[in-house]
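Hi everyone, thanks for making time today.

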Amino acid sequence: MRFYAIAVYLFLYIPIGVIAVFSFNAGRYAAQLQGFSTQWYGKALSNPFVMEALQTSATVAAMSATLATVAGTLAALALQGVTGKPRMIFDALLYVAVMVPGIVIGISTLIALVTLFDWLNPMIAALWPVAENAPKLQMGKGSLIAAHGMFTMALVVIIVRARVAGMDRSLMEASADLGATPFGTFRQVTLPQIFPAILAGFLLAFTFSFDDFIIAFFVAGSETTLPIYVFSSIRRGVTPEINAIGTMVLAASLLILIIAQSILQRDRRAKTG
Amino acid sequence: MTNRNDFISREKFMAELYRYKKGSVTRRYFLGVTGLGAATAVLGSAMPGLQSAAWAQANIGDRVVLATWPNYHDPANFEAFTAATGAAVDVNVFGSNEEMLAKLQAGGSGWDVFVPTNYTITTYVGEDLIEPLDLSKIANYDAASYNQRFAGPGTVDGTVYAVPKNWGTTGFAVNTAQLGSNPKPTTWKEFWDMTMADFSGRTMVHDYQLTTIGNALKYFGYSFNSVDTAELAEAEKLLIDAKPHLFAINSDYQPSMRSGDAWMTICWTGDGKQMNRDMPEIEYVLGKEGGELWSDFYAIPKGAPHMDAAYALINFLLDPAVNAKESLFHGYPTADARVDALLPAEVLNDPILYPAQELLDALEFGAAVTLTDPNRAELMARFKSA
Amino acid sequence: MSTRLRTSLLLAPATAWLLAMLVLPLVVVAVFSFGERAAAGGYSAAFTLENFANLGARWAAFKNTLMLAPAGTLMCLIIAYPLAYYLAVKVDPKWRTLLLILVIVPFWTSILIRSYAWIYLLGGQGIPKLISTLGFGNPRLINTPFAVLIGITYGYLPLMVFPIYVSLERLDKRLLEASADLGSPPWRSFLQVTLPLSTPGVATGCMLVFILLMGEFLIPAMLGGGKVFFVGNALVDLFLQSRNWPYGAAVAVALVVIMLVTVTAYMRFTRRWAGGRDDVSLM
């Protein structure tokens with residue numbers, strides 16, 4: 001049993017080890033080891049396109065995850081009181097949102113928005129005082145945030161709703177009986193109970209958006225997210241710079257995880273001790 | 001370029017340029033401390049592409065986005081361009097003209113410069129996707145020095161939409177160390193027959209309908225550009241029969257050829273030259289039946305976000321000295337007599353770059369109809385998904 | 001403010017979002033699927049059923065997807081189940097969190113980069129070279145369906161481990177001890193106690209992986225050398241190479257319909273199955 005587990009972990013980590021080893025390759029070609037060097041880390045960090053792609057990815061992920069978490073949480077709370085046909089329709093929408101493959105979301109959003117913008121832009125230009133200065137709707141960060149957020153909002157609703165269903169309702173009634181406003185009850189009673197689910201939903205939404213390639217590939221217009229940058233680098237012929245980026249992203253997430261873990265543990269010790 | 005009195009060192013100039021780019025000094029300070037004349041003089045001697053001072057007078061921004069083909073540029077030239085202008089070059093690589101067209105049709109490509117092939121330009125003009133060029137901003141383009149056979153397709157109805165980058169041929173590369181008892185193939189018939197016999201699992205074809213379908217048509221002796229349904233049906237049968245024997249369908253075949261995973265591939269001039277230079281056993285062959293002769297261009301898509309930088313980059317790359325460096329690196333010939341004058345004799349006599357006349361005579365330029373013909377597009381898609 | 005009004009207001013943003021970014025695009029795709037390809041590519045309005053009649057031309061892509069997606073799901077399940085069992089039941093609790101984290105960490109490196117590592121590992125200089133040095137012939141791995149299967153198994157394994165782990169973790173170990181005390185051999189306890197308890201986790205994990213695999217594009221593109229085609233690859237090709245939007249829309253509609261049918265059927269089936277087993281385990 002133990003050997004089996006070790007074998008699975010090797011399966012998971014050998015490719016990552018390969019990535020990390022080649023990131024220290026002195027040579028230009030990713031597939032031939034030619035001595036040790038850290039130059040690719042410097043190159044990656046000073047490459048303006050990498051840094052900008054990272055920034056775009058982080059902005060889109062933060063914006064879409066925040067909006068999705070707010071809208072999704074509100075919906076999950078409201079759904080408690082919704083039954084019958086409206087409930088069925090909303091549930092069906094969520095079901096479809098989660099099930100439609102990302103590639104279909106990407107393609108359908110692209111053709112819908114391109115068609116819509118082609119139709120709207122002349123109208124905006126006609127209404128604008130100076131036609132040349134009229135704003136033009138086009139694909140970009142906005143469309144990407146909207147597309148990512150749609151999918152991740154559905155995830156947030158599902159996660160938070162499960163928590164809402166398991167919530168202790170008597171507390172809320174007590175709060176209302178004691179004269180608290182609905183908002184006061186929400187802030188002081190409901191929110192603390194569902195907060196772990198909201199946080200989990202936000203993190204999931206952020207991770208999804210940050211790592212997504214296929215929706216962004218179609219919907220991002222001229223914007224470059226980190227996965228899109230990596231994809232185009234692979235086509236350009238991989239240099240160890242890509243390996244360096246991958247290794248750094250991994251190291252950064254590990255670091256965050258270790259910090260979070262140690263804070264949690266100190267917290268737990270403080271509570272029990 | 002005579003004013004060398006107020007010369008400042010290149011390092012000092014770069015330092016000031018860097019400070020200016022970072023915004024820690026004003027433009028006026030920058031121009032004052034360096035002196036425009038000095039700047040042009042220093043860079044003029046260091047970077048031949050920047051002899052025109054136009055770039056220095058206009059701020060071209062910090063970036064330029066280029067959509068091009070695999071293994072088609074010397075990275076050192078981009079670095080020189082960035083060092084001189086402050087604009088970094090973002091290179092996007094594509095494997096087919098269809099892919100470039102699809103991206104432009106969907107809108108918002110974000111490209112400033114792209115590299116279309118001769119036969120596609122009329123379609124870009126028809127679809128209103130390409131910007132007419134202001135040749136006054138491309139001082140290094142001297143129409144008279146270009147071979148009209150290769151430069152001509154850039155002009156549509158008297159308007160110049162594209163200026164020539166390189167020309168070349170589409171043949172195949174074969175690793176002769178793996179031939180065994182086979183003679184070295186010299187025809188497309190042998191290319192496909194060997195693929196389905198001793199080279200099974202070792203051959204690559206482009207992910208590009210023009211060349212892959214075109215060279216399957218050549219097996220039967222049909223035109224590379226055929227859109228005849230009966231002829232295409234025969235080509236499709238050949239492709240579907242060959243598919244299980246292919247190593248991959250990919251326009252970037254150098255890594256697999258170099259690693260020894262693949263032994264034979266449809267190949268462009270420069271890739272053939274690059275591989276042959278490092279591994280002499282990989283030879284470049286033009287099929288005797290013919291195939292493609294092509295000419296690539298620099299062009300600017302409609303609505304390019306960094307128009308000034310686009311012109312600056314094209315102008316830089318067309319400087320004969322820069323262009324000669326490019327050519328030496330990537331192994332594609334140019335149609336510019338000024339560049340040829342700078343190339344060593346062994347390059348000008350290289351049979352990979354400049355094939356024998358009887359081989360060239362059999363080649364065809366791609367035809368515009370192949371880009372938009374729905375049957376060829378669908379045939380390629382069926383072949384890939386089969 | 002009435003409860004009804006408040007509920008509507010709370011639901012409004014989510015509903016508007018779903019309508020604008022899910023329903024509208026899907027409707028546009030459905031409409032486009034009846035259109036015609038414009039002369040230079042793209043869409044031109046028309047009403048024809050030809051795109052659907054031609055779906056057979058992508059049969060190979062659908063067949064590949066419908067074979068490799070379940071195969072990949074099954075591979076994930078086979079590899080993940082023993083690991084999840086080990087983590088939930090066997091391992092020293094003090095190592096458990098660390099080992100769980102180690103399962104999820106690879107997920108944080110872009111799937112693109114991880115797949116690239118497999119291009120190297122499965123290429124001629126990687127595992128095949130090792131095998132031939134050991135004298136077991138010279139197999140070709142890269143650009144085969146097998147390479148794609150390895151890639152998707154590797155890519156989605158963590159998504160299978162977690163749901164199964166969660167369901168097994170709730171397993172009351174006293175049940176197993178009781179079962180052993182009553183003289184039942186370990187395999188029997190496993191079949192009668194452990195396995196039924198883990199079915200919800202297995203069902204969730206399988207569905208998650210299956211849904212993602214049905215829309216897969218990247219891994220076949222990278223490890224299949226353009227030869228192993230999923231529906232996702234056919235779609236990308238139709239939009240980014242042949243620019244046949246209406247036909248691409250028809251393929252997308254077909255994919256969505258297939259998914260709705262299979263996933264709905266699967267959920268019905270597993271619910272009944274899990275329900276049935278629940279009764280058995282309660283006895």
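Let me start with chain B. Among its contacts with a separation of 6 or more, 78% join residues 24 or more positions apart; a contact here means that the C-beta atoms of two residues, placed from the backbone, lie within 7 Å. Chain B has 386 residues, and 54% of them count as buried. Buried means 20 or more other C-beta atoms within 10 Å of a residue's own, exposed means 12 or fewer, and partly exposed is in between, again with C-beta atoms placed from the backbone. The chain holds 20 helices and 12 strands, which are DSSP runs numbered from the N terminus: H or I over at least four residues for helices, E over at least two for strands.

Before going further, a word on what you are looking at. This is a predicted model, in which local features need pLDDT of at least 70 and side-chain atom pairs count only at pLDDT 80 or more, while totals for chains, interfaces and linings use all residues. Residues are numbered from 1 along each chain as its sequence is written, and chains are lettered from A and ligands numbered from 1 in the order in which they are written.

How does the model score? It has ipTM 0.88 and pTM 0.87. For chain C the average pLDDT is 88, with 96% of the residues at 70 or above, that is, scoring at least 70; pLDDT is the predictor's confidence in each residue, from 0 to 100. Please be careful with residues 276-283 of chain C, where pLDDT stays under 50 and the model has 7 contacts beyond four places in sequence.

Back to chain B for one helix pair. At what angle do helix 10 (residues 209-219) and helix 11 (residues 229-242) of chain B pack? The angle is about 100 degrees, and the axes are 9 Å apart. Axes are lines fitted to C-alpha atoms, for helices over the stretch in contact, and angles run from 0 to 180 degrees between N-to-C directions. These two helices of chain B are therefore roughly perpendicular; the classes are roughly parallel under 35 degrees, roughly antiparallel over 145, roughly perpendicular from 65 to 115, and oblique for the rest. Helix 10 of chain B brings B:I213, B:A216, B:L217 and B:Y219 to the contact, and helix 11 of chain B brings B:E231, B:A235, B:L238 and B:L239.

Now to chain A. UniProt, in an unreviewed entry, lists "domain: ABC transmembrane type-1" for residues 54-260 of chain A; positions are in the numbering used here, feature names are shortened, and annotations may be inferred rather than shown by experiment. In the model, that span is 82% helix and 0% strand, with its end C-alpha atoms 22 Å apart. The unreviewed entry also has "transmembrane region" annotations on chain A, including residues 92-117 and 197-222. Residues 92-117 of chain A are 92% helix and 0% strand, and their end C-alpha atoms lie 28 Å apart. For residues 197-222 of chain A, the helix share is 81% and the end C-alpha atoms are 35 Å apart.

What does chain A touch? With chain B, the contact takes 14 residues from chain A and 16 from chain B. Helix 10 of chain A gives the most to that side, with 3 residues. The chain A side has 6 nonpolar, 6 polar and 2 charged residues, where Ala, Val, Leu, Ile, Met, Phe, Trp, Tyr, Cys and Pro count as nonpolar, Asp, Glu, Lys and Arg as charged, and the others, Gly among them, as polar.

With chain C, the contact takes 55 residues from chain A and 53 from chain C. Here the chain A side has 45 nonpolar, 9 polar and 1 charged residues.

Let's stay with helix 10 of chain A. Its buried residues are A:L226, A:P227, A:I228, A:Y229, A:V230, A:F231 and A:S233. Just after this helix, A:G237 takes a positive phi of about 105 degrees. Helix 10 of chain A packs with helix 5 (residues 111-122) of chain C at about 25 degrees, axes 9 Å apart. That makes the two helices roughly parallel. A:P227, A:V230, A:F231 and A:I234 meet C:L112, C:I113 and C:Y116 there, giving 7 nonpolar, no polar and no charged residues.
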